Amino acid sequence: MSAVSNTVRAPAIEASGLTKTYKTGDTAVEAVKGIDLRVEAGQTYGFLGPNGAGKSTTIEMLCTIRNPSGGVARVAGFDVVRQRDQVRRRIGLVFQQQTLDLQLTAEQNLRFHADLYGLSRAEGERRISEVLEMVALADRRSDVVSRFSGGMKRRLEIARGLVHAPQVLFLDEPTIGLDPQTRAAIWDYLHDLRRTTEITVFVTTHYMDEAEHCERIAIMDHGEIVVEDTPEALKSSVGTDRIALRTDDDELAIARIRERLGVEAGIHEDQVTLAVPDGAQVVPRLFTELGVGIRAVTVTRPSLDDVFLTYTGRTIRDSEGPQKSLPPFAGRR
Amino acid sequence: MTSRDTADRQLGFRASEEALPEVRNDMSHQLRATWVVTRRELLRFKQDKARMVTMLLQPLLFIFVMGTGLGSIVDTGGGTSFRTFLFPGVLATSVLFTAAFAGISLVWDREFGFLREMMVAPISRASIIWGKCLGGAVVATGQSLVLLALAGTVGIPYSPPLLLGLIGCLFLGALLLTALGVLLSTRIKTIQAAMPVSQLLIMPMMFLSGSLFPITNLPAWLAVLTRLNPLTYVVQPMRHLVLQHLSLTPAEQQRLVPVITWFGWEVPVGFQLFAVAVITLGLVTLAARIFRTTE
C-alpha cells in the first residue's frame, strides 16, 4: 500500500460501538447496541429495518440530535458530540415528519434555512434558486407552503436540506406516505444529485424496492446491524428462490414439505414459504407429493425482501405487525 | 482494521482538530441566528391577515366600549375623563395579549414540526429563545402603535418624548410577556393545554396591574397582589408619563397619579422599569436553560 493512498478521503460517516440506552423507570432499554458503521464519501447508503429496530435513534445520534450513551461517531470528519456545530453545518436533514413553516412561502422557508446555516445573502440566493430548480419547484417559489401537496412539501424539504451544500444528506423515510409516482420522482432527484455532486446520502427506508437504489445497505434489527453489503452481494448470499404457497392446510403442508423435501418451511404473510435452490423444479413436486390442496404458487428470485427474511427471520411486513390478509392471487409480486 | 483504515482515521482526526476553532464562540453568527428567528415572527404576522385584524380590533373595543362604559360610573374627580386614565392600561393590555400568545406559539412550532428545523441548525438554543422573544415583542409593540396613534381621541397630546417613552415601556412590557409565554411553552407540550394555561396567566396579570383602575387606596390584599405583578411596573410608569403631560388639578394628582410603595418606600419610576428589565432577563435566561436541557 503506497503512501499516496493515505490521502483518500476520510469516510463520511464512521461509528464504533455506538450505543443508546433509554431509561424508563427502573428498566433500561438498549435501543442501539454498540453498532459499527462506515460509509464512504460519495456513497448512497441504505439503512433498513422494521419500526423499532433502532434506525431512527441511530440516525438521530449521527445527526447530533441525541447524544449516544456510549461509543463514538464521526460525521464529515467531526465528532457528533464534541463538534456538534461543525457536524451540523455539513449535514442536511430530511425528517419523517414534515418540518416546514406552512405559513411561509417556499422561498421564505429556504431563506430562513440559508440564514441559520450562515450563508451569505448572495450565496443563499444562488443556492435557493439552484435547489428549487432541482426539485422542479422554481415556479412555486413565492407560494405559501400550506397550499402544497404532500409530495411537493417533501420535495421542498429535500431542497431545503441541500441549501447549505452539505457533505452528507440524511433522509429518514423520505418517501413514506407518498404515491408511487412521487416516490420515483424523489429517487430521480437523489440520483441526479449523486451524478452531479459528491454528496453522501444516508437514507432509511422500509420499502425494499427502494433499497435497490443504494450502493450499500445495512439491515438493522433489535438494535444491531445484522448484515451490511451491496444489494447484489446480499441477494447472491441468500442464493435461493423463494416459493410461497396458499394451501388448504398450512400445518399439514409444512409437515409434508419437511418430510418429503427435507426443507423447513414457515408461514409469512399468510403463505407457506420455503427457500430452495431452484424453485421451478420444486413446484411440480409440491403438487404431486404434498397431498394438500394448493390454491396459488409464487416463485420469486431472491430479492432484498428475502435478504431481510434470511437475516431477521421475518419479512419486513411481518415485523411491522399484523396486516389484513390479502385475497388469494393478490399477493403475487 | 487494516493499516489503511488506521491512516484514514488519523487523517480524518487531524483535519478535524485543525478545523475545531471555526465556529466556537461565533457571536456574530448567533446574533444573526437570533435576528433570523425574529424575522420569521414578523413574516408570519404579516402573512396572517386574520390575526392582524383581530389583534388591532381588540384594543379598540377596550378603549371605546369598555372605557366609555366604565367611564359613566367611575368618577375621576374632575376634568380628566376615565378614558384618558384608562388609555395606558389599554395599551399595556393589548400588548399583553399579543405578546403572551407570541411566546406561547412555541408550542405550535413544536407541534407542527418547525421547531425541529431550528433545533438541528448550527445555532445555540439561546438564539432560538431570544429570537422568539424579540420577534414576539416587536410584533406586539408594532401593533400597539396603531392604538397609540389614537391618543389624541382621548385627550392625550402627541408629544414626541411622551410617545417615545410609551413605546419604550410597551416594548419592555411586550418582552416581559413574550418571555413568560416562551417559558410556559418549554413546559407545556400540547396545544390543548396551551390556550387555557395562557388565559390563566393573562387574565390575572391584566386585572392586577392596575390597568383598569387606580391602584392607590386599594384594600391591603389587593394592593399586595398588584405589587407582586410585574406588569404593574409597566402600566404605572406609562400612566405616570401620560398624566405628567396633562394639566391636572391637585385633587386629580392625588387620586390618579400612581405611587407605588414597598413597605413605605416610594419606588421611583426608573427603578420600576429597571426591575421589569431584570425580571425579563431572568425569564429569558431561565427559558433558554430549560429549553437546552429538555428539548
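Reply: Happy to. Gly92(A) stands opposite Leu169(A) of strand β7 in chain A. The model is a predicted one, so please read the values that follow as computed from it. Gly92(A) belongs to β6(A), residues 91-94, and 4 bridges join this strand to β7(A), residues 168-172, with the two running parallel. In a regular strand, side chains alternate between the two faces of the sheet. For β6(A), that puts Ile91(A) and Leu93(A) on one side, with Gly92(A) and Val94(A) on the other. Both faces are covered, and these four residues are all buried.

Chain A also holds a sheet with another kind of pairing. Here 4 strands form an open, antiparallel sheet in the order β12-β13-β11-β14. Its edges are β12(A), residues 266-268, and β14(A), residues 294-300, each of which pairs on one side only. On average, neighbouring strands in this sheet are turned by 35° against each other, ignoring direction. Within the sheet, β11(A), residues 241-247, is joined to β14(A) by 6 bridges in the antiparallel sense, and Ala244(A) faces Thr298(A) of β14(A) across that pairing. Helix α10(A), residues 279-289, packs on the sheet and touches β11, β13 (271-276) and β14 of chain A. The direction of α10(A) makes about 165° with that of β14(A).

Most residues other than glycine have a negative phi. Glu269(A), though not a glycine, has a positive phi of about 50°, and Asp270(A) has a positive phi near 65°. Glu269(A) counts as partly exposed because it has 15 C-beta neighbours inside 10 Å. Asp270(A) is partly exposed because 16 other C-beta atoms lie within 10 Å.

Val145(A) counts as buried because it has 21 C-beta neighbours inside 10 Å, and the cut-off for buried is 20 or more. Leaving aside residues up to four places away in sequence, Val145(A) touches Leu100(A), Asp101(A), Leu102(A), Leu104(A), Thr105(A), Ala106(A), Asn109(A), Lys153(A) and Leu156(A). From Val145(A) to Ile186(A), the separation is 41 residues in sequence and 18 Å in space, C-alpha to C-alpha.

Let me finish with the helices of chain B. Helix α7(B), residues 125-148, has 24 residues and reaches 34 Å from its first C-alpha to its last, close to the 34 Å expected at 1.5 Å a residue. This helix is mostly covered, with 19 of its 24 residues buried. Elsewhere in the chain, α11(B), residues 232-244, packs with α13(B), residues 269-294, at an angle of about 145°, and their axes are 9 Å apart. The crossing of α11(B) and α13(B) is left-handed. On the α11(B) side, Tyr233(B), Val234(B), Gln236(B), Pro237(B) and His240(B) make the contact, meeting Val269(B), Gln272(B), Leu273(B), Ala275(B) and Val276(B) of α13(B). By class, the contact between α11(B) and α13(B) has 7 nonpolar, 3 polar and no charged residues.

Methods. Residues numbered from 1 in each chain as written. Chains lettered and ligands numbered in written order. Predicted model: local features only at pLDDT ≥ 70, side-chain atom pairs only at ≥ 80, totals over all residues. Expected span 1.5 Å × (residues − 1). Buried ≥ 20, exposed ≤ 12 C-beta atoms within 10 Å, placed from the backbone. Pairing = 2+ DSSP bridges. Axes fitted to C-alpha atoms, helices over the stretch in contact; angles between N-to-C directions. Left-handed = near helix turned anticlockwise from the far one by under 90°. Contact = placed C-beta atoms within 7 Å. Nonpolar A, V, L, I, M, F, W, Y, C, P; charged D, E, K, R; others polar.
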